[in-house]
Amino acid sequence: MPLTEEILGTNADGSKHADYCIYCYKDGAFTGDFTMEEMVEFCSQFVDQYNQDTGQHLSREEYKAVLRQYYPQLKRWQTNADDLPHADSPIKRQLISEINALNIKDMPVIDNLFVLQGSFVNMEYNLNGNQVKLLDDNATYWGTQVEKTGCADRCFGIACDERYILVCEYGKEGADPQIVALVRR
């Protein structure tokens with residue numbers, strides 16, 4: 001991912017951080033505590049976006065191999081883990097607590113959130129016969145995707161920020177998205 005101005009991470013004072021992207025580094029700390037292999041597994045879910053952006057046709061396993069070659073070159077993975085500013089953002093912990101308190105049927109307990117670009121998670125929903133998007137493509141959100149308990153072909157998607165929590169359910173590749181909860185914080 002090229003580190004362009006719009007996706008640079010942020011320091012605690014809100015200034016841009018030139019070494020990391022917003023998905024990995026926000027408010028002066030990493031957004032998640034991952035091993036390199038966990039990061040490979042997490043990022044491999046975006047293989048379709050990678051293929052679209054590069055014109056390639058890699059499988060998820062082929063993409064993982066690319067990531068395993070590339071990641072060791074990045075500053076984050078060349079730095080001793082004990083020397084990295086780990087994320088335990090108060091807003092992140094609060095959002096996790098609020099999401100779990102919704103007690104959504106068949107949604108597993110959420111234990112982590114990641115920074116996601118709005119354009120990756122902004123689905124169109126059918127509301128009263130109209131197709132609408134609820135998120136800002138240019139904003140970043142705390143979010144995650146988890147498999148629906150007992151239903152391998154359906155997932156829950158979560159996107160939230162300081163103002164709202166959105167939980168939706170959808171099928172493979174985002175098919176048939178439905179709003180499960182939209183909560184104003």
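Strands are DSSP runs of E with at least two residues, and helices are runs of H or I with at least four residues, both numbered from the N terminus. Two strands are taken as paired if DSSP finds at least two bridges between them. Residue numbers start from 1 along each chain as its sequence is written. Because the model is predicted, local features need pLDDT of at least 70 and side-chain atom pairs count only at pLDDT 80 or more, whereas totals for chains, interfaces and linings use all residues; side-chain values rest on heavy atoms, with hydrogens and water left out.

Six bridges connect the antiparallel strands β10 (residues 164-170) and β11, with Cys168 opposite Ile179 in β11.

Together, five strands form an open antiparallel sheet in the order β5-β8-β9-β10-β11. Its edge strands, each pairing on one side only, are β5 and β11 (178-184). Neighbouring strands of the sheet are turned by 30 degrees against each other on average, direction ignored; axes are lines fitted to C-alpha atoms, and angles run from 0 to 180 degrees between N-to-C directions.

Ile179 also belongs to a nonpolar surface patch with Leu127, Leu134 and Leu182, which together have about 300 Å² of accessible area. Patches comprise residues with over 30% relative accessible area and no salt bridge, like charges being joined within 9 Å and nonpolar side chains (Val, Leu, Ile, Met, Phe, Trp, Tyr) within 5 Å. Accessible areas come from the Shrake-Rupley method with a 1.4 Å probe, and for residues only the protein chains shown count as cover. Leu127, in strand β6 (residues 124-127), is partly exposed at a relative accessible area of 35%, where buried means under 20%, exposed over 50% and partly exposed in between.

Eleven salt bridges are found in the whole structure, each defined as a side-chain nitrogen of Lys or Arg within 4 Å of a carboxyl oxygen of Asp or Glu. Arg154 lies in β9 and Glu169 in β10, so the pair ties together parts that are 15 residues apart in sequence. Arg154 is buried, at 13% relative accessibility, and Glu169 is buried with a relative accessible area of 13%.

A further salt bridge links Lys64 with Glu41, their closest N and O atoms being 2.7 Å apart. Since Lys64 lies in helix α3 (residues 60-70) and Glu41 in helix α1 (residues 36-43), this pair ties together parts that are 23 residues apart in sequence. Lys64 is buried, at 7% relative accessibility, whereas Glu41 is partly exposed at 37%. Both residues belong to a salt-bridge network that also includes Arg60 and Glu61. Asp106 and Lys105 form another salt bridge through their side chains (3.4 Å, N to O); Asp106 is partly exposed, with a relative accessible area of 28%, and Lys105 is exposed at 67%.

Methods
Buried means under 20% relative accessible area, exposed over 50%, partly exposed in between (1.4 Å probe, protein chains only).
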